[in-house]
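Dear colleague,

I am handing over a structure that is new to you, and I would be grateful if you could look it over alongside the notes that follow.

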Amino acid sequence: MPNIVVLIKQVPDTWSERKLTSGDYTLDREAADAILDEINERAVEEALLIKEAQGGEVTVLAAGPDRATEAIRKALSMGADKAIHINDPAIHGSDAVQTSYILAAALGQIEGIELVIAGNEATDGRAGAVPAIIAEYLGLPQLTHLRKLTVDGERIAGERETDEGVFKLEATLPAIVSVTEKINEPRFPSFKGIMAAKKKEVQTFTLADLGVDPETVGVANAGTKVTGVTPKPARTAGAKIVDEGEGGNQIATYLVGQKII
């Protein structure tokens, strides 16, 4: 019966207007609607499917400010058993390596973890590297970018699809995996699940609780730095072609000019 931890993240809705702050050029999380990242819903769904087939327990783990509890409750309402919320102002602006270090420290506090499931990349940062970095910190085998996952006793297997073909991967537990949008279709929380989520345990950790020095994380200590931003230009009207007998040729010329054909 696997003990599963799912890494989740609250991100700005991709349909909202997203922007960076004018001070340190970090993501302005108050400027857009915040949601549980859709790829994380699929990660939670995969954990729940394993639990329903084999038993065990599903814990969700998130790092973020106070409002990240909304994403946590969404995952709990889907059926996760409990949650851990890393909430510390010093985390603000941490890059992928720092975030991975913090999450790895939190995972080290959880006893009996057999499987960690994450999305392949968040829709805000799009780094796609956090699960692999965590695996390196914890010394775990990693099966990343999976479209299919099976757990059989102490072994896990998966399929990774790339432009070159489909690769079959195997490892022994404990391990960490990341999944793509092809892994499953996540369930909608039921009313019963939503009500039950309000009573489920959410444990909060600070960096001090995890033994992480705040001087090693955060925007001031990140390995990358944004020095400036330029807003995307407003959309302009497209080229309009009136067909007076040469419309086809004009369209073809336009497409060639745009290097579309």
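The largest pocket holds about 1500 Å³ of space, where a pocket is an open set of points on a 1 Å grid over the protein atoms alone at which a 1.4 Å probe fits, with protein on both sides within 12 Å along at least five of seven lines, and its lining residues have an atom within 4 Å of a point. The volume is the space filled by probe spheres set on the points, which are joined across faces, edges and corners. Lining this pocket are 50 residues, of which Lys 9, Arg 29, Ser 94, Thr 99 and Asp 124 are the closest to its centre. Two or more lining residues come from each of helix H1 (38–54), strand S4 (57–63), H3, strand S6 (115–119) and H4; helices (H or I, at least four residues) and strands (E, at least two) are DSSP runs numbered from the N terminus. By class, the lining comprises 25 nonpolar, 14 polar and 11 charged residues, with Ala, Val, Leu, Ile, Met, Phe, Trp, Tyr, Cys and Pro counted as nonpolar, Asp, Glu, Lys and Arg as charged, and the others, Gly among them, as polar.

Please bear in mind that this is a predicted model, in which local features need pLDDT of at least 70 and side-chain atom pairs count only at pLDDT 80 or more, while totals for chains, interfaces and linings use all residues. Residues are numbered from 1 along each chain as its sequence is written, and side-chain values use heavy atoms, with hydrogens and water left out.

The second largest pocket contains about 340 Å³ of space, and its lining, which includes Thr 14, Arg 18, Leu 27 and Pro 231, divides into four nonpolar, three polar and four charged residues.

As for the chain as a whole, there are seven helices and 11 strands, and the C-alpha trace spans about 75 × 45 × 40 Å along its principal axes. Of the 261 residues, 38% count as buried, that is, under 20% relative accessible area, as against over 50% for exposed and in between for partly exposed (1.4 Å probe, protein chains only). In helix H2 (residues 69–78), the buried residues include Ala 71, Ile 72 and Leu 76, and H2 is followed by Gly 79, whose phi is positive, near 140 degrees.

Finally, Tyr 137 lies in helix H4 and is partly exposed, with a relative accessible area of 40%.

With best wishes
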